[in-house]
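Biologist: I'm new to reading protein models. Could you walk me through one, feature by feature?

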Amino acid sequence: MTVDTIVYEQDKDLTTIALMGAGKLEEIEIIDNSKAAEGNIYLGKITHKLDLANGRKGYLVDIKDEKDAFFNADEYGMGDVDYTEGQSIVVQVSQERRAEKGAKVVRSLQFVGTYLVYCPFRMNIDASSRIGSFDRIKELKALVQDNEVGQEGWIIRTAAMDASSEEIKEEMVELRKAYDIVRAKARSESAPCLLYAKSSPLFEYMTNNAMSLNKVVVNTRKMEEEIKNEFDGDFEVEVVADAVKSYGIDEAVVEALQKEVKLKSGGRIYIEETKAFVAIDVDTGDDRGAGSISHINEEAAIEIAHQIRLRNLSGKIIIDFAGSSEYRYMKPVLEVLDKELMKDNTRCHVVGLSRGGNVELIRVRRRPSLSDIMSVECPTCHGTGRVEK
């Protein structure tokens, strides 16, 4: 996925960030500004203790969101805890509130910078596999290790590949300061309250796509100034009052909410979001010529990967491709799908081909899907799409 244009529009209720490549909408994030955002850190208050399966414990936490957040006490690397109702706890949002479910929170905090992620409760140094060069990874790990203070953990991001030693060291100091501020506020504030708000996701997208970015479109002069103060890149900053409409993003969003996606070959993809999983069906339509099914499936694999990013589909995704489900026929399709999913910044794993002939994926859930943000369940049909005769 090559992104050359980012369109940003903010109003009181929603913030829209659209990633475009060659005039096509590749990915969109619509942020409900009233929700607890992923990455924000709160001083929460325990409201309920829950008994989970296999003797595990969980808690509901008030973080000033519409619904209480949930955290699992059996959190990897954090040890056993036993909280009481009314007790305060510092937590970070790992999944935003969606539909009928509250946010998910964790105790293991992470502070995301341009080049590094600071993990104060870990004790190891990891690096992004996208850096590519083993020698560069080794060099960066040595640099971070030489500048560690006590026991702490770090994740080296892809952007660090071209960063100088001074930039890395300066960011290490800045991220530690952010953690110190959170600790100080947690001691002085009353729960529930916000302790730390992550930086603008626009800057994150700009950093991730810096190599291909040609233009950033915003709807306010204030954001234009912030971008110019933060970045010194070879891209144009354009101010457009109604940026989303001007670039046709509103129409693309409406199209992305439809269940049917037409393919150029004449085939179709049907996408159905359920509470348990996302079901995707590939139909050949009117194209039934010799050898066309393989072509349609490969075309569908490319479009499915695009739709997953665009609609922010997550959790378990089950795909029923057209024609035979034998592995010898599906292998080229799986290879195309896997290649396209590698362009996704959100981790997505192809589980494989099930006995029933369906392709199964697992995509990490961090934010609500586009349909969760832009629509509500029909009160007449209760989400079935059908009404009584």
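Biologist: How many helices and strands does the protein have?

Modeller: This is a predicted model, and its secondary structure comes to nine helices and 21 strands.

Biologist: And how do I judge whether the protein is compact?

Modeller: Compare the radius of gyration with what the globule rule gives for the chain length. Here the radius is 23 Å, close to the rule's 21 Å for 389 residues, so the protein is as compact as a globular protein of that length. If you'd like a box around the C-alpha atoms, taken along the principal axes, picture roughly 70 × 50 × 45 Å.

Biologist: What share of the residues is buried?

Modeller: Buried means under 20% relative accessible area. In this protein, 44% of the 389 residues count as buried. As for the accessible surface, it comes to about 21200 Å², and carbon and sulfur atoms hold 47% of that.

Biologist: Let's zoom in on one residue. Where does Arg355 lie, and is Arg355 buried or exposed?

Modeller: Look in the loop between β20 (348-353) and β21 (359-363). The cut-off for exposed is over 50%, and Arg355 has a relative accessible area of 93%, so Arg355 is exposed. Now find Ser325: it's 30 residues from Arg355 in sequence, yet their C-alpha atoms are 9.1 Å apart in space.

Note on methods
Residues are numbered from 1 along each chain as its sequence is written. This is a predicted model: local features need pLDDT of at least 70, side-chain atom pairs count only at pLDDT 80 or more; totals for chains, interfaces and linings use all residues. Side-chain values use heavy atoms; hydrogens and water are left out. Helices (H or I, at least four residues) and strands (E, at least two) are DSSP runs, numbered from the N terminus. The radius of gyration is taken over C-alpha atoms; the globule rule is 2.2 Å times the number of residues to the power 0.38. Buried means under 20% relative accessible area, exposed over 50%, partly exposed in between (1.4 Å probe, protein chains only). Accessible areas come from the Shrake-Rupley method with a 1.4 Å probe; for residues, only the protein chains shown count as cover.
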